[in-house]
Structure formats: structure tokens, C-alpha cells
Amino acid sequence: MQLLRVAAGIELISLLVLLGNLATVHAAWVATLLGPLHGCAYLVVVGATLAATRRAGPRLLAVVPGVGGLLALRRLG
């Protein structure tokens, strides 16, 4: 559960920074560094949710990009 909590936070923060970068200066190095980090965090969120529960609700919520990890955590309670 701790892994899911950390990965969900990283996923959300990295997405917000990527979108902020896209909306403002669009620095290529930011996308180069944070794009793969966001993708890995997303995959860890999905995998950790699959490992944490067999219920369909949290599993489906986990695949929502950006906030899915936090929604799955809330559903897992």
C-alpha cells in the first residue's frame, strides 16, 4: 500500500509539472526527464493496485492517467 501511495503522488506531481511546462515555456529537457518518470510511476500504480486487491473498482480507477492512483487509494480505504 505504501508503494501505491508514493507512486500515485509521483504520478500526479510529474503530470502537473509536464502540463505546466507544456503550457508555459515548453522546455524539452523537462519533458525528457519527467516523461519517462511519469510513465514508470503510472505503470507502478497499475501494478501495485493489481497486487493490492482483486476488486474491480480500484483496478479500473488505477488506469485513469494522473489521478487514478489517488482514486484507487481512496477506494481501497
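**Figure 1. The contact between helices α1 and α2 in the predicted model.** From α1, the contact draws on Leu-3, Leu-4, Ala-7, Ala-8, Ile-10, Glu-11, Ser-14, Leu-15, Val-17, Leu-18 and Asn-21. From α2, the partners are Val-30, Ala-31, Leu-34, Gly-35, Leu-37, His-38, Ala-41, Tyr-42, Val-44, Val-45, Ala-48 and Thr-49. Sorted by type, the residues of this contact are 17 nonpolar, five polar and one charged.

**Figure 2. Packing geometry of α1 and α2.** Two packed helices are described by the angle between their axes and by the distance between the axes. Helix α1 covers residues 2–23. Helix α2 covers residues 28–52. Their axes lie 8 Å apart, and the packing angle is about 150 degrees. Angles over 145 degrees count as roughly antiparallel, so α1 and α2 are roughly antiparallel to each other. The crossing of the two helices is left-handed.

**Figure 3. Ser-14 in helix α1.** Ser-14 has a relative accessibility of 3%. The cut-off for buried is under 20%, so Ser-14 counts as buried. Ser-14 is one of the α1 residues that meet α2. His-38 is among the residues that touch Ser-14. Gly-66 is 52 residues away from Ser-14 in sequence. In space, the C-alpha atoms of Ser-14 and Gly-66 are 8.5 Å apart.

**Figure 4. His-38 in helix α2.** Which residues does His-38 touch, not counting those up to four places away in sequence? They are Glu-11, Ser-14, Leu-15 and Leu-18. The relative accessibility of His-38 is 14%, so His-38 counts as buried.

**Figure 5. Ala-48 in helix α2.** Is Ala-48 buried or exposed? Ala-48 is buried, with a relative accessible area of 13%. Ala-48 is in contact with Leu-3 and Leu-4, leaving aside its neighbours within four places in sequence.

**Figure 6. His-26 in the loop between α1 and α2.** His-26 is not a glycine, yet its phi is positive, at about 55 degrees. The relative accessible area of His-26 is 49%. Exposed means over 50%, so His-26 is classed as partly exposed.

**Figure 7. The contact between helices α1 and α4.** Helix α4 covers residues 68–76. The axes of α1 and α4 cross at roughly 150 degrees and come within 8 Å. Helix α1 contributes Leu-4, Arg-5, Ala-8, Glu-11 and Leu-12. Helix α4 contributes Gly-69, Leu-70, Leu-73 and Leu-76. By type, the residues of this contact are six nonpolar, one polar and two charged.

**Figure 8. Arg-59 in helix α3.** Helix α3 covers residues 56–62. Arg-59 touches Thr-49, Leu-50, Thr-53 and Arg-54, not counting residues up to four places away in sequence. At 28% relative accessibility, Arg-59 counts as partly exposed. Arg-59 and Val-45 are 14 residues apart along the chain. Their C-alpha atoms are separated by 9.7 Å.

Figure 9. Along the sequence, the pattern reads α-α-α-α. Taken along the principal axes, the C-alpha atoms fill a box of roughly 40 × 15 × 15 Å. Of the 77 residues, 32% are buried. The protein exposes about 4,800 Å², and carbon and sulfur atoms supply 73% of this area. How much of the contacts with a separation of 6 or more comes from residues 24 or more positions apart? Such residues account for 48% of these contacts.

Technical notes: Residues are numbered from 1 along each chain as its sequence is written. This is a predicted model: local features need pLDDT of at least 70, side-chain atom pairs count only at pLDDT 80 or more; totals for chains, interfaces and linings use all residues. Side-chain values use heavy atoms; hydrogens and water are left out. Axes are lines fitted to C-alpha atoms, for helices over the stretch in contact, and angles run from 0 to 180 degrees between N-to-C directions. Helices (H or I, at least four residues) and strands (E, at least two) are DSSP runs, numbered from the N terminus. Angles under 35 degrees count as roughly parallel, over 145 as roughly antiparallel, 65 to 115 as roughly perpendicular and the rest as oblique. A crossing is left-handed if the near helix is turned anticlockwise from the far one by less than a right angle, and right-handed if clockwise. Contact means heavy atoms within 4.5 Å. Ala, Val, Leu, Ile, Met, Phe, Trp, Tyr, Cys and Pro count as nonpolar, Asp, Glu, Lys and Arg as charged, and the others, Gly among them, as polar. Buried means under 20% relative accessible area, exposed over 50%, partly exposed in between (1.4 Å probe, protein chains only). Accessible areas come from the Shrake-Rupley method with a 1.4 Å probe; for residues, only the protein chains shown count as cover.
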